[in-house]
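Look at the structure below and turn it slowly. This report starts at the surface, goes inside, and ends with charged side chains.

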Amino acid sequence: MTEHKPFSILEYIPAMKTRHSEYALSDDLQAPLEEVRRLLEDILLYTPSGFNSQPVRMVLLTGERSIAHWELVGQILMLKIGIERYEKSRAKDRIDNLFTKAVGTVLFFDDTEVTDRMMKENPRYGLNFPKWAHQAQGSHQFMVWLGLKALGYGANLQHYNNMKDDLIRKQVGVPDTWDFVAHMPFGTITEPAQPKEKNPIDTMLKVL
């Protein structure tokens, strides 16, 4: 197995402070796609999960495969809401003019086979495993977002799921046990997003 060097915390802190939902993206490369692949490998290897269950799965789509994915999402939306509504929707505008213009897309899945097995093997904590799997998704998605930022890319997180997820799985060739959770298009930022207002820190943190 190739040895992977984790990203330094010194790279993540600045990325965390400047991370935003970036929608205006291009397919210009800020870092080689091999570095993106290595980033995802590092995150899957080193991000913790409950009982070390490791239920998170990812698929990295680039170039035409990423475009084909978003075209499929558009087709799924047309089936769900109708062609007329879709043609006027913000989703169509984003798919046609933003998401398909990016470098690639990271798909996030939850391997339900893992969670089901952990529930059976650890009945005392059984009901916690779906919650822990959900928490693991958040941890992994945020780490990917920060890692892409550290590589010079902008990204955003989308949730066009729970519609025709079987078609998404079939397109990328993953098992039915992989529950589709989210997609993260990423690319070079062409028009930076504006920072959002934050709540006062003393309403969110208590130190005793």
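Val207 counts as exposed, because its relative accessibility is 69% and exposed means over 50%. The model is predicted. Val207 sits in the segment after strand 5, which spans residues 178–189. Together with Ile201, Met204 and Leu205, Val207 forms a nonpolar patch on the surface.

**Inside the protein**

In soluble globular proteins, nonpolar side chains tend to be buried together. Which residues touch the most other members of the largest nonpolar core? They are Met58, Val106, Val144, Leu148, Tyr153, Met184 and Phe186. This core has 21 residues. A second, separate core has 20 residues, including Leu61, Val73, Ile95 and Phe99.

Take Met184 as an example. Leaving aside neighbours within four places in sequence, Met184 is in contact with residues including Val106, Phe108, Val144, Trp145 and Leu148. Gly104, Gln141 and Asn156 are also among the contacts of Met184.

Now find Gly147, which lies in helix 7. Is Gly147 buried or exposed? Gly147 is buried, because its relative accessible area is 0%. Ala31 is 116 residues away from Gly147 along the chain. Even so, the C-alpha atoms of Gly147 and Ala31 are separated by 11 Å.

**One side of a helix**

Helix 5 covers residues 90–97. Its buried residues are Ala91, Lys92, Arg94 and Ile95. Why are they on the same side of helix 5? They cover an arc of only 165° around the axis, so they share one side. The buried residues of helix 5 pack against helix 3 (63–81) and helix 4 (83–87).

Side chains of opposite charge can pair when their charged atoms come close. How many salt bridges does a search of the whole structure find? The search finds eight.

| Glu34 | Arg37 | 2.1 Å |

Check the spacing of each pair. Glu34 and Arg37 are three residues apart in helix 2, about one turn of the helix. Glu41 and Arg37 are four residues apart in helix 2, again about one turn. An α-helix has 3.6 residues a turn, so residues three or four places apart point the same way.

How covered are these residues? Glu34 is partly exposed, with a relative accessible area of 46%. Arg37 is partly exposed as well, at 35%. Glu41 counts as partly exposed because its relative accessibility is 22%.

The remaining pair also lies in helix 2. Asp42 and Arg38 are four residues apart, so about one helical turn separates them. Arg38 counts as partly exposed, because its relative accessibility is 29%. Asp42 is buried, because its relative accessible area is 5%. Buried means under 20%.

Which residues do shared partners join into one network? Salt bridges link Glu34, Arg37 and Glu41 in this way.

Notes:
Residues are numbered from 1 along each chain as its sequence is written. This is a predicted model: local features need pLDDT of at least 70, side-chain atom pairs count only at pLDDT 80 or more; totals for chains, interfaces and linings use all residues. Side-chain values use heavy atoms; hydrogens and water are left out. Patches are made of residues with over 30% relative accessible area and no salt bridge: like charges are joined within 9 Å, nonpolar side chains (Val, Leu, Ile, Met, Phe, Trp, Tyr) within 5 Å. Accessible areas come from the Shrake-Rupley method with a 1.4 Å probe; for residues, only the protein chains shown count as cover. A salt bridge is a side-chain nitrogen of Lys or Arg within 4 Å of a carboxyl oxygen of Asp or Glu. Helices (H or I, at least four residues) and strands (E, at least two) are DSSP runs, numbered from the N terminus. Buried means under 20% relative accessible area, exposed over 50%, partly exposed in between (1.4 Å probe, protein chains only). A nonpolar core is a set of buried Ala, Val, Leu, Ile, Met, Phe, Trp, Tyr and Cys residues joined through side-chain atoms within 4.5 Å. Contact means heavy atoms within 4.5 Å. The arc is that of the directions from the helix axis to the C-beta atoms.
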